[in-house]
Amino acid sequence: MRFNVSEINECIRTRRSIYPVQFSSRKVHKELIEILIENARWAPTHKLTQPWRFKIFHGAGAVKFGEDHAEMYKDLTPESDFKPVKYRKLKDNGARSSAIIAIIMHRDEKESIPEDEEIASVAAAVQNMHITCNAYGLAAYWGSGGCTYTPEMKKYLNLGENDKCLGFFHLGYPEGEWPRKTPRKQRGEIAEWIGE
Ligand SMILES: Cc1cc2nc3c(=O)[nH]c(=O)nc-3n(C[C@H](O)[C@H](O)[C@H](O)COP(=O)(O)O)c2cc1C
């Protein structure tokens with residue numbers, strides 16, 4: 001075997017979403033975030049379009065992003081639907097995260113492959129980051145709530161016409177206990193064998 005597979009299996013299988021409320025005050029340094037980005041760019045990509053783009057709101061940038069996102073939610077939500085808890089959460093997510101990384105699909109100019117494949121590639125890149133986080137003992141969570149899919153967020157992030165924001169990767173260190181074990185379907189439920 002080329003690598004320590006039992007450690008790699010363990011790292012993949014124990015990766016969990018850890019939310020900003022579970023983050024400690026310990027800060028994630030830029031150098032570590034660079035490693036996450038480095039690993040992201042080795043995800044598979046059809047025709048090598050490499051559609052992943054990231055905008056990293058770090059430190060004070062994350063705090064400001066949380067405030068701006070909360071305000072955006074307030075501005076875009078009719079008063080009757082407005083939930084103060086949601087507003088507070090969007091704001092707190094910024095204050096509690098060392099970094100918030102906007103996950104962006106940059107559409108290939110030639111549109112040479114289907115958009116679904118570009119989105120799949122970006123998701124693979126994010127999974128690379130998430131597994132790397134587990135390896136380094138970082139806490140991370142991919143959130144697509146709030147104003148993620150709105151034209152206003154697209155404008156805020158200065159995205160191109162055909163680009164898409166796919167959510168936000170929240171980054172910190174975990175506080176205390178490791179989180180809930182999210183259940184999974186059994187292998188027999190998700191894989192059908194044809195042949196021997
Ligand atoms: C594309 C995507 C978007 C997600 N958006 C949210 C979200 O908006 N809010 C949330 O609580 N979790 C979100 N999650 C995290 C999932 O809830 C989480 O991955 C799932 O519960 C499985 O838990 P685990 O990651 O700990 O295995 C998202 C995950 C993905 C892949």
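Where is the place of glycine 176? In this predicted model, glycine 176 belongs to the loop between β4 (164–172) and α7 (187–190). Glycine 176 counts as exposed because it has 7 C-beta neighbours inside 10 Å, and a residue with 12 or fewer is placed in that class.

The surroundings of the ligand may be considered next. Around the ligand stand Arg16, Ser17, Trp142, Gly143, Ser144, Gly145, Gly167 and Thr182. Sorted by class, this shell comprises one nonpolar, six polar and one charged residues.

A further feature is the packing of two helices. Two packed helices are described by the angle between their axes and by the distance between the axes. For helix α3 (residues 60–76) and helix α4 (residues 84–96), the angle is about 165 degrees and the axes lie 6 Å apart. Helix α3 is therefore roughly antiparallel to α4, since angles over 145 degrees count as such. The crossing of the two helices, α3 and α4, is right-handed.

The residues that form this contact can be named on each side. From α3, Ala62, Val63, Phe65, Gly66, Glu67, His69, Ala70, Tyr73 and Lys74 take part. They meet Lys86, Tyr87, Leu90, Lys91, Asp92, Asn93, Gly94 and Ala95 of α4. In terms of class, the contact of α3 with α4 has eight nonpolar, four polar and five charged residues.

Definitions and conventions:
Residues numbered from 1 in each chain as written. Predicted model: local features only at pLDDT ≥ 70, side-chain atom pairs only at ≥ 80, totals over all residues. Near = placed C-beta within 6 Å. Nonpolar A, V, L, I, M, F, W, Y, C, P; charged D, E, K, R; others polar. Helix = DSSP H or I, 4+ residues; strand = E, 2+ residues; numbered from the N terminus. Buried ≥ 20, exposed ≤ 12 C-beta atoms within 10 Å, placed from the backbone. Axes fitted to C-alpha atoms, helices over the stretch in contact; angles between N-to-C directions. Parallel < 35°, antiparallel > 145°, perpendicular 65-115°, else oblique. Left-handed = near helix turned anticlockwise from the far one by under 90°. Contact = placed C-beta atoms within 7 Å.
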